[in-house]
Each structure stands twice: as structure tokens, then as C-alpha cells.
Amino acid sequence: MSDNHSGLATLAQNIKLGIDNRLKELHTALPGIIQSFDPELQTVSVQPAIKRIFKSISEDSQELIAMELPILINVPILYPRGGGFSLTFPISVGDECLLLFSERSIDRWHIFGGTNEPGAKRFHSLSDGISCWTQKNQNVPFFYFFYWYFLTKISKLSGSSRDFESKIGRAHV
């Protein structure tokens, strides 16, 4: 004998739906496209490059709708640093990046540095992204990709010097 009424979800289905909906708000990493760069604050505005899928349900149909996530503003830039050195490079509108989303709010850390309480109750939020630089997507002509790959591949890493490489050459410091 079944207690289910037609059209009503079971407890297990409701729990699964709740978990699935919560996971849609848990952000870990996404590719992004730079919209603006502030060299003074060392932050960027970034459009996440992967759209979010929403389900539109009506009485007789179900439709999936892709919508852009909002542009993320004041995103700190992760520049390689260590041993008293840092490596910076030009950032242009249209450059691609990888957005990493912090487990907790980074607001206080970004302003004050050091160890801080999170200051907000957010977890894995779009508000707590950090921009990292990454290889461009594969939507480029093959000859350019082949050329670009061999010019940017780091062939020999030194444990005692800093290596800098660009399209025009390489330097060891």
C-alpha cells in the first residue's frame, strides 16, 4: 500500500532537491574573462565564463535556461610571490583567468592581512573569488596554439634563480 499522492515528492526526493539546490551556490573554481583592471588596488572585475543553468518548470513542461553569472568586482589578483620577489605582468580587458573561491569570506584578510575571523557567514561565495592567471582556452587557430605553447612552456626551472619568460625572450635573475 502506497501513501504517495500523485504529484507529491517523497521525503528522499525533497532532501535530494534541497542538497542539489544548495550545491548550486557552492562555488569552487570557474574560468573568467577580465572586464576591468585596477593597478592601484591590484584587483580586477571578472565575468565568469560558464553560465549557470536554471530549470524553468510549468504545469506541462520543463525547460533548462542558461544565464550568465554576475560580473565579480574587486577580485584580488594572485601574483606569484616568494623569497622577497614577486612576478607581475600586464593585464588587459579580455584576458582569461581562473577564479578560485575561498572556503570563507576573505574581506578582512584582503583589507588587513594576517589571520582574521571571516567577518561574514558566507561559504564558497562568488563574493570571495581570487583571480589566477591561466592558459588561454583552445578556441585559437592550431598554428597559433602550437606557436604559443612552445613560446610559453617553461623548459628548465632553476631552484636558485628567478626565471622570466615572454614572447621576446627569457631571463634568469
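Trainee: Is Cys97 buried or exposed?

Mentor: Cys97 is buried, with a relative accessible area of 1%. Please keep in mind that this is a predicted model.

Trainee: And how many disulfides does a search of the whole structure find?

Mentor: The search finds 0 disulfides. Cys97 takes part in none, and its nearest cysteine sulfur belongs to Cys132, 8.1 Å away.

Trainee: What about the accessibility of Cys132?

Mentor: Cys132 has 9% relative accessibility and therefore counts as buried, since the cut-off is under 20%.

Trainee: Let us step back. How many helices and strands does the protein chain have?

Mentor: The protein chain has 3 helices and 11 strands. Along the sequence, the pattern reads α-β-β-β-β-β-β-β-β-α-β-α-β-β.

Trainee: What share of the residues counts as buried?

Mentor: The chain has 173 residues, of which 20% count as buried.

Trainee: How many bridges join strand 1 to strand 2?

Mentor: Strand 1 and strand 2 (residues 43–48) run antiparallel and are joined by 6 bridges.

Trainee: Changing topic to charges: how many salt bridges does a search of the whole structure find?

Mentor: It finds 4 salt bridges. Side chains of opposite charge can pair when their charged atoms come close. One of the salt bridges is between the side chains of Arg52 and Glu25, at 2.5 Å from N to O.

Trainee: Where in the chain are those two residues?

Mentor: Arg52 is in strand 3 (residues 52–57), while Glu25 is in the loop between helix 1 (11–23) and strand 1 (29–38). The two are 27 residues apart, and the pair thus links distant parts of the chain.

Trainee: Are they buried or exposed?

Mentor: Arg52 counts as buried, at 17% relative accessibility. Glu25, at 35%, counts as partly exposed.

Trainee: Which residue forms a salt bridge with Asp107?

Mentor: Its partner is Arg122, and the closest N and O atoms are 2.9 Å apart. This pair also joins distant parts of the chain: Asp107 is in helix 2 (residues 107–112), and Arg122 is in the loop between helix 2 and strand 9 (129–133), 15 residues apart. Asp107 is partly exposed at 36% relative accessibility, and Arg122 is partly exposed at 24%.

Trainee: With which other residue does Arg122 form a salt bridge?

Mentor: Arg122 forms a salt bridge with Asp128, where the closest N and O atoms are 2.9 Å apart. Asp128 is buried, with a relative accessible area of 0%. Salt bridges with shared partners join Asp107, Arg122 and Asp128 into one network.

Trainee: Last topic, the surface. Which residues form a nonpolar patch there?

Mentor: The patch consists of Leu11, Ile15, Ile19, Leu23 and Leu26, and their accessible area together is about 500 Å².

Trainee: Where is Leu11 placed, and is it buried or exposed?

Mentor: Leu11 is in helix 1. At 65% relative accessibility, Leu11 counts as exposed, because the cut-off for that class is over 50%.

Notes: Residues are numbered from 1 along each chain as its sequence is written. This is a predicted model: local features need pLDDT of at least 70, side-chain atom pairs count only at pLDDT 80 or more; totals for chains, interfaces and linings use all residues. Side-chain values use heavy atoms; hydrogens and water are left out. Helices (H or I, at least four residues) and strands (E, at least two) are DSSP runs, numbered from the N terminus. Buried means under 20% relative accessible area, exposed over 50%, partly exposed in between (1.4 Å probe, protein chains only). Patches are made of residues with over 30% relative accessible area and no salt bridge: like charges are joined within 9 Å, nonpolar side chains (Val, Leu, Ile, Met, Phe, Trp, Tyr) within 5 Å. Accessible areas come from the Shrake-Rupley method with a 1.4 Å probe; for residues, only the protein chains shown count as cover. A disulfide is a pair of cysteine sulfur atoms within 2.5 Å. Two strands pair if DSSP finds at least two bridges between them.
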